[in-house]
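Hi,

Here is the structure I promised to pass on. Have a look at it first, and then read my notes below.

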Amino acid sequence: MIHIHEEAARCLLCADAPCTKVCTNGDPARAIRAILFDNEALAKQWVVKCNDEELQRAEEACIHYDRPIRIREILSQLSPVTPHPIPDTNSLAIKFCGFSCENPFFLASSAVCTNYDMISRAFDAGWAGVFYKTICKQEIREVSPRFDAASPLSSSYGEKSARSPFAGFRNMEQLSENPYEKDFEILRQLKKNYPTKMVIASIMGQYEEEWAELARMAEDVGCDAVELNFSCPQMRVAGLGSDIGQNSELIAIYTTYVKQAVNIPIIPKMTPNITHMRQPGMSAYLAGADAISAINTIKSITMSPNATVNDKFTVSGYSGRAVKPIALRYIHEMASDSILGGSQWRRVEFSGIGGITTWRDAMDFIQMGCHNVQVCTAVMEYGYRIIDDLLLGTLNYMAERGVESIESLVGEKLSSIVQSHDLDRETIVYPKFNHDTCIGCGRCYTSCMDGGHQAIEFDFKTRQPKLNGSMCVGCHLCRLVCPTRSIGMSKRVKKKN
């Protein structure tokens with residue numbers, strides 16, 4: 001029996017998928033995409049009317065680099081769709097900076113939103129808003145190539161397997177290459193044609209009055225808010241981007257100037273290239289910020305020869321799923337603060353960014369205190385279509401919990417984050433071995449012997465691992481390295497003295 005997630009992960013997510021084109025009674029490509037984006041429980045609905053002959057034709061039509069996806073085996077293991085009612089999409093409505101958004105899913109200021117056509121297609125697909133790619137008055141000249149990716153199957157040089165998703169994504173892209181007048185005209189047309197969508201201009205000035213001028217231009221064309229880019233990690237000119245975000249005084253100065261220049265909400269975007277975010281966040285807050293975006297990309301160096309520009313390397317920005325835990329840590333640091341995230345005087349809102357691919361990722365940011373989330377790398381890899389599963393998965397999660405409004409989920413997990421010294425250190429969870437699915441590779445034994453606590457014995461004749469409970473500390477390294485997921489978790493029990 002195949003593992004459906006591993007087999008579904010081989011899907012290339014084709015445009016105009018050939019497997020679906022030969023099916024008259026279903027959409028196997030959509031079902032597989034649902035599995036890939038954490039909506040396995042709902043995937044069956046797209047193939048419930050497909051017979052075996054139809055699905056065989058779908059397999060035969062599959063485009064692949066080695067062998068077709070075993071569509072029939074994947075779909076045969078799916079459970080029937082849970083019959084509980086899905087809430088109306090109005091339950092996803094949420095306010096951000098006073099604007100009523102149809103859902104919390106926005107495009108992040110980046111390559112995914114650089115012109116009118118791109119953003120209009122995203123809006124038509126269901127995205128609720130956009131942080132437009134940062135507008136400036138500088139001449140922007142980009143390098144080539146400017147992107148590179150790391151994957152779970154990358155070599156030491158960063159080469160990407162054809163079937164492996166991005167684990168991390170490196171970019172050397174700067175700001176909008178359009179003349180600033182053109183960008184503001186694009187924003188004017190977007191707001192005119194999509195009045196219910198939230199249109200936010202991201203800007204970067206070189207001195208106080210330029211910041212204020214760009215903000216006034218954004219307000220004049222009808223933008224709903226303005227984001228201040230204090231965080232781009234790869235600017236050619238010193239004193240811009242993340243250089244500002246590392247300087248609390250500059251954050252306060254520029255935020256104050258912009259706040260005095262316009263009446264629309266101001267949203268500073270913070271850099272993660274610091275030790276703590278509370279201090280710069282507090283500077284933005286005291287200067288009048290209405291919300292804070294976090295995080296931008298992390299400064300990094302990629303040594304892949306395919307990432308060089310004329311054989312030269314440089315510091316650039318790192319994003320993707322690998323940075324999500326870092327982003328959540330910074331959001332928590334601000335949202336849990338009694339002033340930034342509390343009710344004293346004035347509460348600032350948060351927009352979460354960093355590694356958001358599925359609805360579960362987005363929910364983590366919302367439950368950490370964000371009123372919306374911004375997506376970039378996942379859109380670059382999979383396209384605007386991921387909004388379907390973001391919406392579907394969120395609605396299904398709310399239905400399972402009986403939640404009527406997503407607003408009620410904002411910040412609900414903040415209280416579950418504690419200091420390490422407050423964690424329970426008197427109980428233990430032992431790993432639990434499933435010998436029916438174990439293939440006897442010995443990975444658990446090797447890792448425990450050389451990287452753990454020598455708590456696994458291995459019979460090299462029967463090729464069966466055995467746990468030595470007196471040595472086991474419950475670290476669960478064995479569970480993480482098991483290639484067949486044959487190691488689970490037992491019940492939490494009191495530690496033995």
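Let's start with strand 13 (residues 349-353): five of its five residues are buried, so the strand is largely enclosed by the rest of the structure. Buried here means under 20% relative accessible area, exposed means over 50%, and partly exposed is in between (1.4 Å probe, protein chains only). Helices (H or I, at least four residues) and strands (E, at least two) are DSSP runs, numbered from the N terminus.

Before I go on, some ground rules: this is a predicted model, where local features need pLDDT of at least 70 and side-chain atom pairs count only at pLDDT 80 or more, while totals for chains, interfaces and linings use all residues. Residues are numbered from 1 along each chain as its sequence is written, and side-chain values use heavy atoms, with hydrogens and water left out.

Back to strand 13. Glu349, Ser351 and Ile353 point one way from it, Phe350 and Gly352 point the other way, and all are buried. What does strand 13 pair with? Strand 10 (residues 291-294) pairs with it in the parallel sense over four bridges, and Ser293 has Ser351 of strand 13 as its bridge partner. Strand 14 (residues 372-375) also pairs with strand 13 in the parallel sense, over three bridges; there, Ile353 stands opposite Gln374 of strand 14. (Two strands pair if DSSP finds at least two bridges between them.) To get from strand 13 to strand 14, the chain passes through helix 13 (residues 359-367), and this β-α-β crossover is right-handed. That term means that, with the strands pointing away from the viewer, the path from the first strand over the helix to the second runs clockwise.

Next, the aromatic rings. Rings of Phe, Tyr and Trp (its six-membered ring) pair if their centres lie within 6.5 Å; planes under 30 degrees apart count as stacked, over 60 as edge-to-face and the rest as tilted. By this rule there are eleven aromatic pairs. One of them is Phe96 with Phe106: the ring centres are 6.4 Å apart and the planes are at 70 degrees, so this pair is edge-to-face. Phe96 is in strand 1 (residues 94-96) and Phe106 in strand 3 (residues 105-107), so the pair ties together parts that are ten residues apart in sequence. Both Phe96 and Phe106 are buried. Phe106 also pairs with Phe131, with centres 5.8 Å apart and planes at 55 degrees, so that pair is tilted. Phe131 belongs to strand 4 (residues 129-135) and Phe106 to strand 3, so here the parts tied together are 25 residues apart in sequence.

The charged end of Arg30 sits over the ring of Trp46, 4.2 Å from its centre, and Arg329 lies over the face of Tyr330, at 4.5 Å from the ring centre. (For this, NZ of Lys or CZ of Arg must be within 6 Å of the ring centre and within 35 degrees of the ring normal.)

Finally, helix 10 (residues 248-261). Which of its residues are buried? They are Ser248, Ile251, Tyr254, Thr255, Val258 and Ala261. These cover an arc of only 160 degrees around the axis, which puts them on the same side of helix 10; the arc is that of the directions from the helix axis to the C-beta atoms. Glu249 and Gln260, on the other side of helix 10, are exposed.

Happy browsing!
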